[in-house]
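Student: I am new to this one. Could you walk me through it, one question at a time?

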Amino acid sequence: MKSYVILISVVAALGGLLFGFDTAVISGTLNFIQPYFGLSEAGLGWTVSSLLFGCIVGVLFAGKAGDRYGRKKVLMLAALLFFVSAVGSASAHLLIFFVIARILGGLAVGVASILSPMYIAELAPAKYRGTLVSLNQLAIVIGILVAFFSNYLLVDTGENNWRWMLLVMAAPAVLLFFSLFLVPESPRWLVARGKTREALHVLTKTSGKEFAHTELKEIGQTLQHQEESTFRDLMAPKIRPLLFIGIILAVFQQITGINTIMYYAPKIFANVGQSNDSALLQTILIGGTNLFFTLVAMVFIDRFGRKLLITIGSTGMMLMLAGLSVLFFTNQTSGVLVLVFILGYIAFFAASLGPALWVVAAELFPNRLRSKGMSVAIISLWIACIIVTIVFPIMLEKLSGGITFLIFALICLANLLYVIRYVSETKGKTLEELENEFAK
Ligand code: BGC
């Protein structure tokens, strides 16, 4: 694999790192911003979720702007927004400014959540596309881990500790902005804009001289005589099934419970009776497991394919959740087995649905509609994320842990059956081959 392609993917994946960091950093600040801004529990909930609402707008915006101005320029804008959000939230003295800064961060997360994986998919040679796009998920996981670590290290820095925690994000934002100057625009976008020579230049550098001409021709064919796309084009008979697959997989990635487990883990760890350092221990165990198994996915996703990985992963997630449910039903939640099931669940997610969803969403749609199709799929992901975050604590309280985790286990089963029945394998083929197979 060419080091140039790796460099491009790493730069784009910085968007994923900021996505992970920004969504996770807030958890360490809660105990401090609540008294500072005088927030009730509900007020705190709204303040925290303001980011998620920003995400939805960001994804919608990126779906259109990514086509009009190019993937790279819009990612640069996201880097600026991350920076403004970091500085703004860290220096806010009034709640309204804090919330506005967090919403701006949400916009950036939304943009990065589709443009980073999409940009990598459009530049990566087919053979390594799965691994390279998964780099984005690896970066998300690293971002989460870095946020937890830096929060842990900064917690004792006095009354402004939460400001420092939030400010840390400015550094990767600046890095993303400037490193984007080093990478080219997506060749698929260049062809769509009639910049064929530039596209050929990029393809020669990413795929080699010989392959570049063939690829350029194929990209050109998929984009011939087409006017600028609209969101309505996603409802065309050939595209609609792809849209459904994108939406359903994205929703499954959330409603199979990953973020509930990630958020709930601290309580479970508390039950198991960890000492003061439990925060650090959790970070290492959960983050480390997540990281390691994302690497496992990166090794296998182009060999075994996306479908097999999701099939194995969903089965494992289902079994782990079922185990957790049994422990809750039988009141054995204070033993070490709880940890085993939680970490097992995270491992299966990280090795399958975690990265694979982003990979499939980035390669499912034809060139002309990729940006818009992916944006609709990922908006569904964020909406599902918001709903699960709101509903989960209520489920736990009203239904008990046993039933709640049983429901999540059944959702994993549904995901498994859906993937086996409806999702086709995408590994190893160029985006144009996939387009000819799925959308022609
Ligand atoms: C998901 C996030 C999740 C993260 C955890 C991502 O693929 O979309 O919701 O928090 O993985 O690793």
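Student: Which residue forms a salt bridge with Glu432?

Tutor: A salt bridge puts a side-chain nitrogen of Lys or Arg within 4 Å of a carboxyl oxygen of Asp or Glu. In this predicted model, local features need pLDDT of at least 70, side-chain atom pairs count only at pLDDT 80 or more, and totals for chains, interfaces and linings use all residues. Residues are numbered from 1 along each chain as its sequence is written, and side-chain values use heavy atoms, with hydrogens and water left out. The closest N and O atoms are 2.8 Å apart, and the partner of Glu432 is Arg188.

Student: How many residues apart in sequence are the parts that Glu432 and Arg188 tie together?

Tutor: Helices here are DSSP runs (H or I, at least four residues), numbered from the N terminus. Glu432 lies in helix α19 (residues 431-438) and Arg188 in helix α9 (residues 187-192), so the parts they tie together are apart in sequence by 244 residues.

Student: Is Glu432 buried or exposed?

Tutor: Buried means under 20% relative accessible area, exposed over 50%, and partly exposed in between (1.4 Å probe, protein chains only). Glu432 has a relative accessible area of 1%, so Glu432 is buried.

Student: How many salt bridges does a search of the whole structure find?

Tutor: One of them joins Arg306 and Asp302 at 3.0 Å, N to O. Arg306 and Asp302 are both buried. The search of the whole structure finds 12.

Student: Which residue meets Glu122 in a salt bridge?

Tutor: The N to O distance in this pair is 2.6 Å, and the partner is Arg370. Glu122 lies in helix α5 (residues 95-123) and its partner in helix α18 (residues 370-422), so the pair ties together parts 248 residues apart in sequence. Both residues are buried. The residue that meets Glu122 is Arg370.

Student: What are the domains of the protein?

Tutor: The bounds come from an automatic or database domain assignment. The centres of the two, taken over C-alpha atoms, are separated by 30 Å. They are domain 1 (3-183 + 226-438) and domain 2 (184-225).

Student: What area do domain 1 and domain 2 bury between them?

Tutor: Buried area is the accessible area (1.4 Å probe) that two parts lose on being put together, summed over both. The contact, meaning heavy atoms within 4.5 Å, takes 27 residues from domain 1 and 17 residues from domain 2. Carbon and sulfur atoms carry 54% of the buried area, which is about 1,900 Å².

Student: Which helix gives the most to the side of domain 1 that touches domain 2?

Tutor: Between the domains, the count is 1 salt bridge. On the domain 1 side, α1 (3-25), α3 (41-69), α4 (71-91), α5 and α19 each supply at least two residues. With 4 residues, the one that gives the most is α3.

Student: Which residues have the most contacts inside the largest nonpolar core?

Tutor: A nonpolar core is a set of buried Ala, Val, Leu, Ile, Met, Phe, Trp, Tyr and Cys residues joined through side-chain atoms within 4.5 Å. The largest has 135 residues, and those with the most contacts inside it are Ile378 and Trp382. Helix α18 gives the most to this core, with 16 residues. Leaving out residues up to four places away in sequence, Ile378 touches Val59, Ser113, Ile114, Leu357, Trp358 and Ala361, and the two residues asked for are Ile378 and Trp382.

Student: Is Gln253 buried or exposed?

Tutor: Gln253 sits in helix α12 (residues 240-255). Beyond four places in sequence, its contacts include Phe349, Leu357, Trp358 and Leu381. At a relative accessible area of 3%, Gln253 is buried.

Student: Where does Asn331 lie?

Tutor: Most residues other than glycine have a negative phi. Asn331 is not a glycine, yet its phi is positive, about 55 degrees. Its relative accessible area is 67%, so Asn331 is exposed. Asn331 lies in the loop between α15 (306-329) and α16 (336-350).

Student: In which helix is Ser400 found?

Tutor: Ser400 also has a positive phi, near 80 degrees. At 32% relative accessibility, Ser400 counts as partly exposed. Its helix is α18.
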